[in-house]
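The sequence and the structure are shown first.

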Amino acid sequence: MSDTHTPTLDNLSHETRAFAPSAEFVANAIGKPEQYEAANADRLGYWAETARKVLTWDTDFTEVLDWSGAPVAKWFADGKVNAAYNALDRHVENGLGDRVAIHFEGEPGDTRSYTYSQLTTAVKQAANAFESLGVAKGDRVAVYLPMIPEAVITMLACARIGAIHSVVFGGFSADALRSRVDDAEAKLVVTADGTWRRGKPSALKPAVDEALAAPGHTVQNVLVVKRNGQDVTWNEKLDKWWSETVDSASTEHTAVGHESEHPLFVLYTSGTTGKPKGIIHTTGGYLVQAAATHRDTFDLHPETDVFWCTADIGWVTGHTYVTYAPLVNGATQVMYEGTPDSPHQGRWWEIVEKYGVTILYTAPTAIRTFMKWGRQIPDSYDLSSLRLLGSVGEPINPEAWMWYREVIGSNNGPNGEKKEHPTPIVDTWWQTETGAHMIAPLPGVTATKPGSAQTPVPGITVDVVDEMGVSVGNGEGGFLVIRDPWPAMLRGIWGDMDRYKETYWSRFEGMYFAGDGAKKDEDGDIWLLGRVDDVMNVSGHRLSTTEIESSLVAHPYVAEAAVVGAKDETTGEAVVAFVILQIEPAEGEDVVATLRAHVGKDIGPIAKPRHILVVPELPKTRSGKIMRRLLKDVAEGREVGDSTTLADSTVMTQIADSMRK
């Protein structure tokens with residue numbers, strides 16, 4: 001591990017606002033205080049009971065946890081379960097076949113809705129087609145698809161036959177795709193001719209062609225979905241149309257149980273340098289925690305709720321809270337192909353209104369973008385169906401949290417009506433590696449605080465420790481660790497168990513540490529500070545980039561901010577901020593001086609940014625994450641690194657030009 005220092009957060013965790021759920025919400029809430037009591041009294045018993053409640057097991061388990069091979073856990077190891085059966089067949093057998101599973105909304109406006117019965121049939125056909133192409137249990141299938149139903153169908157078909165899917169985000173380059181195909185030794189690639197992006201067709205298959213052009217790969221077939229009708233280059237040896245292979249396959253397929261510890265998927269973490277890092281998740285434990293947290297964190301009532309997680313299936317959020325948990329729980333969900341601003345900036349709210357979305361789960365970056373665009377856009381739609389809002393992906397600053405609550409969560413129609421009780425907001429902390437929520441409030445139990453994920457979900461043991469691995473007290477900051485194994489935890493890095501141990505288990509003995517800083521406030525609630533390497537050391541003072549970003553966004557001039565530390569001969573590191581303005585400053589006003597003074601007053605003189613650069617846009621991936629490493633390259637005068645995953649690759653050129661000026 002590189003040298004790290006204990007993160008601090010003096011500003012955010014002094015947040016004193018707290019919002020208790022309404023009496024009406026509490027009365028109907030799924031999550032109960034007794035869950036914490038039961039999990040604390042008998043953690044393994046709690047997970048065993050939960051496992052039998054949320055899943056139908058082909059073979060019941062007798063052992064809950066085997067930790068003898070630490071740090072690799074085995075959960076429910078002698079049980080057998082089929083992920084696709086639990087997501088599909090059992091609901092049909094229980095009379096829910098006519099319930100809508102997925103409302104698909106294409107970017108151009110085309111729509112498809114699948115009932116559970118229809119989705120089950122589609123997955124059975126795909127499973128038969130994959131088997132006809134030689135895919136068997138344990139084989140790897142690379143998935144390079146846009147946000148279309150065939151992506152979910154592909155993943156579930158793999159799970160059904162015991163093949164291991166490896167989804168590669170559709171924005172990744174041919175090189176990134178090839179490295180993942182090679183690392184997993186994929187036998188089949190499932191892709192599409194393309195997708196739609198801001199009103200225009202965007203190609204996908206050419207990246208697959210380029211990735212597989214050089215010999216030495218293990219791919220035997222490429223299955224191509226017709227999505228946008230673009231002409232594609234055809235390789236007769238590899239390529240097959242989905243419509244000709246899957247749609248003609250038999251609709252009869254019997255799901256068999258797979259071992260609980262059988263690998264379900266490998267997902268490569270984004271931003272990896274060098275050899276890709278394939279995170280392995282197995283079947284039983286992952287599905288248990290995914291389904292339970294989806295049910296409890298989002299207060300899911302599957303018979304009435306319409307759930308919408310806006311994440312792409314290329315990321316873990318799309319795996320857990322699009323493909324698996326909502327379907328295992330028998331929910332109805334929305335799946336959207338496009339961006340929030342095409343064909344107009346009200347697109348998301350149009351979709352919420354159209355489908356009566358009740359639960360919306362999205363990223364702080366999206367929320368801050370909507371803040372920048374102005375509340376008049378969501379105010380013109382009827383969002384009264386919403387009853388719960390979620391946040392995921394990075395710490396949410398209190399200003400964005402409050403805007404989310406006051407603008408989206410209070411909307412009771414397009415005429416300015418306000419709800420008597422704004423919707424609860426659940427801020428969730430978890431990672432690709434953890435598989436499912438680890439820290440999140442229970443909306444019917446917890447009085448929620450703007451900007452804080454607050455408390456571990458029942459059955460999870462999270463702590464904040466100092467550099468020696470000793471628990472810190474309330475009001476103190478440190479390193480976020482997980483003390484006990486959890487059902488949805490990763491089981492290793494594909495093909496490199498030593499790297500798994502070194503990356504996650506070497507910093508603190510017997511504790512999982514994946515690099516995030518955190519602080520406990522005076523109530524013991526947890527505040528996430530982001531990555532430890534996002535903590536700057538300025539003249540011996542430890543400053544959180546999250547803290548300074550929140551301070552900047554709190555100023556009325558600023559819509560979004562990203563802060564990095566740049567090497568400085570005098571102070572060790574200097575604070576460099578990149579900001580997007582939402583209103584023009586007064587004529588003649590020095591906006592940089594105004595913002596520096598604001599941060600100095602808010603946090604302290606030491607936190608004043610050395611440089612503040614006003615930019616038109618920040619470098620973001622298509623999933624909405626800000627690529628701070630690219631900003632650090634600019635701040636330190638280096639050539640900008642790989643920007644192929646950016647939604648708009650021209651952004652960095654503009655920023656670099658501005659910095660030089």
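## Charges over rings

A charge sits over a ring if NZ of Lys or CZ of Arg is within 6 Å of the ring centre and within 35 degrees of the ring normal. Arginine 507 meets this rule with phenylalanine 479, over whose face it lies at 5.2 Å from the ring centre. Lysine 226 is placed over the face of tryptophan 241, and here the value is 4.7 Å from the ring centre.

## Basis of the values

The model is predicted, and local features need pLDDT of at least 70, side-chain atom pairs count only at pLDDT 80 or more, and totals for chains, interfaces and linings use all residues. Residues are numbered from 1 along each chain as its sequence is written, and side-chain values use heavy atoms, with hydrogens and water left out.

## Aromatic pairs

A pair of aromatic rings is described by the distance of the centres and the angle of the planes. Rings of Phe, Tyr and Trp (its six-membered ring) pair if their centres lie within 6.5 Å; planes under 30 degrees apart count as stacked, over 60 as edge-to-face and the rest as tilted. By this rule there are 28 aromatic pairs. One of them joins tyrosine 321 and tyrosine 361, edge-to-face, with 5.8 Å from centre to centre and 90° between the planes. Tyrosine 321 belongs to helix α11 (residues 316–328) and tyrosine 361 to strand β18 (residues 359–362), so this pair ties together parts that are 40 residues apart in sequence. Helices (H or I, at least four residues) and strands (E, at least two) are DSSP runs, numbered from the N terminus.

Tyrosine 321 is buried, because its relative accessible area is 0%. Tyrosine 361 is also buried, with 0% relative accessibility.

Phenylalanine 370 and tryptophan 373 form another edge-to-face pair, at 5.6 Å centre to centre and 65° between the planes. Both lie in helix α13 (residues 364–373), and because they are 3 residues apart, about one helical turn separates them. Phenylalanine 370 is buried at 4% relative accessibility, and tryptophan 373 is buried at 18%. Elsewhere, Trp67, Trp486, Tyr500, Tyr504, Trp505 and Tyr512 make up one aromatic cluster.

## Salt bridges

A salt bridge is a side-chain nitrogen of Lys or Arg within 4 Å of a carboxyl oxygen of Asp or Glu. The structure has 38 salt bridges. In one of them, the side chains of glutamate 49 and lysine 53 meet at 3.7 Å, N to O. These two residues are 4 residues apart in helix α3 (residues 43–54), about one turn of the helix. Lysine 53 is exposed, at 57% relative accessibility.

Which residue forms a salt bridge with glutamate 259? The partner is lysine 137, and the closest N and O atoms are 2.9 Å apart. This pair links distant parts of the chain: glutamate 259 is in strand β13 (residues 258–259), lysine 137 is in the loop between α5 (116–132) and β6 (140–144), and they are 122 residues apart. Glutamate 259 is partly exposed at 34% relative accessible area, as is lysine 137 at 39%. Lysine 187 and aspartate 139 also meet through their side chains in a salt bridge, at 3.0 Å, N to O. Aspartate 139 counts as buried, at 16% relative accessibility. A network of salt bridges links Glu573, Lys632, Asp633, Glu636 and Arg638.

## Strands and hairpins

Two strands pair if DSSP finds at least two bridges between them. Strand β4 (residues 100–105) pairs with strand β5 (residues 111–115) in the antiparallel sense, over 5 bridges. Glutamate 105 stands opposite threonine 111 in β5. The hairpin of β4 and β5 has 5 residues between the strands, and glycine 109 there takes a positive phi near 110°. β4 is also joined to strand β17 (residues 332–336) by 4 bridges, and these two run parallel. In this pairing, histidine 103 stands opposite valine 334 in β17. Of the 6 residues of β4, 5 are buried, so the strand is largely enclosed by the rest of the structure.

Strand β23 (residues 516–520) and β24 run antiparallel and are joined by 5 bridges. Lysine 519 stands opposite tryptophan 527 in β24. The hairpin formed by β23 and β24 has 5 residues between them, and glycine 524 in the turn has a positive phi of about 90°. Strand β24 (residues 526–531) is largely enclosed by the rest of the structure, because 5 of its 6 residues are buried.

Note on methods: Buried means under 20% relative accessible area, exposed over 50%, partly exposed in between (1.4 Å probe, protein chains only).
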